[in-house]
Amino acid sequence: PFVKKGVTFFYYYYIYPLMRINKNVLFILLFVLANIVFAQRYNFKTFNTKHGLGNSSVNAFFQSSEGYLWYATQGGGLSRFDGKTFKNFTKDDGLISNDIISVLEDKNHTLWVGTIEGLSTFNGKSFNNYSEKDGIGAFTIYGVNEFKDGSVWISTFGGGVKVFSTD
């Protein structure tokens, strides 16, 4: 093929053949290349039982005032993560149940742990359990929330709302 006067080598061998391609094919090619070049990549890290988490089904989590991440797991108890390793707390450690739904830290740094069998509190050393005999009823605890006055409100399945007061 002949080269037109003033047309550079680059144009003749690289640009001109692209102009001969169907415009739809060129559009698709450019769209795919743009997505490959400019696609945003997310950096997700997964933690599961292989890493020490009590169970891979996590119902809730939060960060405590000491910086620990606490995970409420379904069947694996309460898992504490320090950024490197997990420590798991189960019925063997004093929890009322290993099926945990909610967790909260109050202003006194006590953990309130809502389970399918009642409520546990953790002072950093040991657990106290509350169930039907303590007036909380035999209900699943879905939520725990502390108010400014220090009272802790507990939402249950079928038992309404319970209020623990410091008074």
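# A tour of the aromatic rings

Begin by selecting Y142, which has a relative accessible area of 45% and is therefore partly exposed. Please keep in mind throughout the tour that the model on your screen is a predicted one.

Now turn to the aromatic pairs, of which the count comes to 15. Select Y68 and W70 together: the centres of their rings are 6.4 Å apart and their planes stand at 80°, and because planes over 60 degrees apart count as edge-to-face, the pair is edge-to-face.

Where do Y142 and F157 lie along the chain? Y142 belongs to strand β9 (residues 141-146), while F157 sits in the loop between β10 (152-156) and β11 (161-164), so the pair ties together parts that are 15 residues apart in sequence. F157 has a relative accessible area of 57% and is exposed.

Next, select F47, F61, Y71, F81 and F86 in one step, and you will have a single aromatic cluster on display.

Return to Y68 and show R80, which lies over the face of the Y68 ring at 4.4 Å from its centre. Then select F89 together with K87, and you will find K87 over the face of F89, at 4.8 Å from the ring centre.

Key:
Residues are numbered from 1 along each chain as its sequence is written. This is a predicted model: local features need pLDDT of at least 70, side-chain atom pairs count only at pLDDT 80 or more; totals for chains, interfaces and linings use all residues. Side-chain values use heavy atoms; hydrogens and water are left out. Rings of Phe, Tyr and Trp (its six-membered ring) pair if their centres lie within 6.5 Å; planes under 30 degrees apart count as stacked, over 60 as edge-to-face and the rest as tilted. Helices (H or I, at least four residues) and strands (E, at least two) are DSSP runs, numbered from the N terminus. Buried means under 20% relative accessible area, exposed over 50%, partly exposed in between (1.4 Å probe, protein chains only). A charge sits over a ring if NZ of Lys or CZ of Arg is within 6 Å of the ring centre and within 35 degrees of the ring normal.
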